[in-house]
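Biologist: I am new to this entry and would like a close look at one part of it. Please define the terms as you go.

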Protein chains: 2
Amino acid sequence: MARPREFDVDEVSERALEVFWKQGYQATTLQDLTSAMGLSKSSFYETFGSKHALFLVALDRYRDKVLARLVQLLDEAPRALDAVRSVFHAVARDAHSEAGQRGCFIGNSASEFGVGDPDCSCRVRSGLKALEDAFRGALERASQQGDLPAGKDARALARFLTASLNGLRLMAKAGAERDTLDDVVYTVLAALD
Amino acid sequence: MARPREFDVDEVSERALEVFWKQGYQATTLQDLTSAMGLSKSSFYETFGSKHALFLVALDRYRDKVLARLVQLLDEAPRALDAVRSVFHAVARDAHSEAGQRGCFIGNSASEFGVGDPDCSCRVRSGLKALEDAFRGALERASQQGDLPAGKDARALARFLTASLNGLRLMAKAGAERDTLDDVVYTVLAALD
DNA sequence: CTCGTTGTGGACCAATCGGTCCTGAATAGA
DNA sequence: TCTATTCAGGACCGATTGGTCCACAACGAG
């Protein structure tokens with residue numbers, strides 16, 4: 001037994017996620033990663049194996065992070081439908097912040113890789129499914145709370161919200177004006193009435 | 001005066017668009033381009049200046065192409081609302097074809113560049129605006145034809161459709177199942193009732 | 001047919017890519 | 001303290017990147 005690791009894998013993974021999230025896979029170089037993570041190349045390859053493998057770690061990390069945060073947000077709110085609404089309003093509100101300009105990491109990856117990379121595609125789909133399930137859970141709770149009109153198909157609505165959220169974030173990333181995004185959010189949420 | 005050009009600029013631009021559309025900017029190499037276009041490097045640089053400049057040409061080309069096609073589609077249909085519906089149904093139907101897997105070139109570019117590249121960002125926004133205007137025109141015509149309920153805000157709806165179309169195409173590119181896409185389309189179009 | 005002009009192909013370039021590997025330093029157990 | 005082990009730094013690698021440049025071929029005007 002010898003030297004303990006001088007860095008925290010979780011912490012440097014987080015840094016990697018931020019870089020990949022902001023720049024995408026192709027546009028990110030090894031140097032970008034190692035300097036952001038504070039790692040030497042040898043430590044990098046020893047720990048993560050390759051740039052591609054690290055990207056998959058980042059994807060997993062994002063999915064867990066987003067899922068956890070979103071599920072928490074949707075679960076903790078006293079009225080589930082309000083939580084769903086606030087998620088969309090938040091995206092429009094934060095569109096022009098640095099975080100908003102990054103878009104959704106899942107969506108970005110879907111756009112960059114498509115179905116070409118199986119490992120990546122699988123994780124993207126898993127992330128989208130997680131988002132869908134989170135929305136669906138919230139909608140079912142909303143239904144029980146009497147906030148969702150009877151006859152609404154929670155699954156179809158959840159899928160719709162998943163697609164809409166990605167569309168909205170894409171528009172935000174493209175630099176759409178605030179009132180444009182507000183129009184979108186307004187119309188999306190009208191589907192819940 | 002001497003040798004005439006041995007290739008058609010329009011034709012090779014089209015080839016370039018196809019490559020960029022399928023692979024994105026970063027993932028496309030000069031070699032990809034020149035071999036698809038059938039050009040030597042010198043002819044390439046003589047004609048287009050740089051990879052980046054060609055990408056802008058491709059973006060313009062796509063916008064004009066999509067706009068023209070969509071406007072035509074929306075204008076020629078006897079009932080404008082049916083045309084709008086058919087656009088969305090077509091995306092879901094063609095999702096798993098090669099063309100569907102490419103996603104929307106505008107959306108892809110928005111995702112890849114964000115607002116980082118001014119030239120690109122400007123063209124992306126112009127493309128989204130063109131899409132929005134096309135939808136808006138169709139919705140106003142639908143309204144005149146009595147197919148759109150009174151009180152609907154055509155501009156807000158058009159923006160919503162623009163975002164939704166991008167979201168839908170992103171889901172398709174991510175490899176979403178057909179019935180997922182159908183749920184999305186169904187719910188999107190329900191906003192028009 | 002000749003000549004001047006211009007497009008073309010490919011050699012060539014420095015820079016950078018992702019990735020490997022070796023050296024030396026740091027450290028926990030004995 | 002000594003040693004076995006594992007760490008980090010960076011030299012180094014071939015391949016590839018986007019881009020330049022030049023010698024040659026093709027062609028229109030005279």
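At what angle do helix α1 (residues 9-23) of chain B and helix α4 (residues 51-76) of chain B pack, and how far apart are their axes?

Modeller: This is a predicted model, in which local features need pLDDT of at least 70, side-chain atom pairs count only at pLDDT 80 or more, and totals for chains, interfaces and linings use all residues. Residues are numbered from 1 along each chain as its sequence is written, while chains are lettered from A and ligands numbered from 1 in the order in which they are written.

The angle between α1(B) and α4(B) is about 95°, and their axes lie 9 Å apart. Axes are lines fitted to C-alpha atoms, for helices over the stretch in contact, with angles from 0 to 180 degrees between N-to-C directions. Helix α1(B) is therefore roughly perpendicular to α4(B) (65 to 115 degrees; under 35 is roughly parallel, over 145 roughly antiparallel, the rest oblique). Helices are DSSP runs of H or I of at least four residues, strands runs of E of at least two, numbered from the N terminus.

From α1(B), the residues B:S13, B:A16, B:L17 and B:F20 meet B:L54, B:F55, B:V57, B:A58, B:R61 and B:Y62 of α4(B). Two residues are in contact if their C-beta atoms, placed from the backbone, lie within 7 Å. By class, this contact holds eight nonpolar residues, one polar and one charged. Ala, Val, Leu, Ile, Met, Phe, Trp, Tyr, Cys and Pro count as nonpolar, Asp, Glu, Lys and Arg as charged, and the others, Gly among them, as polar.

Chain B also touches chain A, with 40 residues of chain B in contact with 40 of chain A. On the chain B side, the elements giving two or more residues are α7 (105-113), α8 (118-144), α9 (154-174) and α10 (178-190). The largest share, 14 residues, comes from α9(B). That side divides into 19 nonpolar, 15 polar and six charged residues. The copies meet through the same surface, because 100% of the interface residues of chain B are also interface residues in chain A.

A rotation of 180° with 0.0 Å of shift along its axis superposes chain B on chain A, with an RMSD of 0.0 Å. The two copies are thus related as by a two-fold rotation axis. In chain B, B:G167 has the C-alpha nearest that axis, 1.9 Å from it. The superposition is by least squares on C-alpha atoms of residues with pLDDT of at least 70 in both copies.

Chain A, for its part, has ten helices and zero strands.
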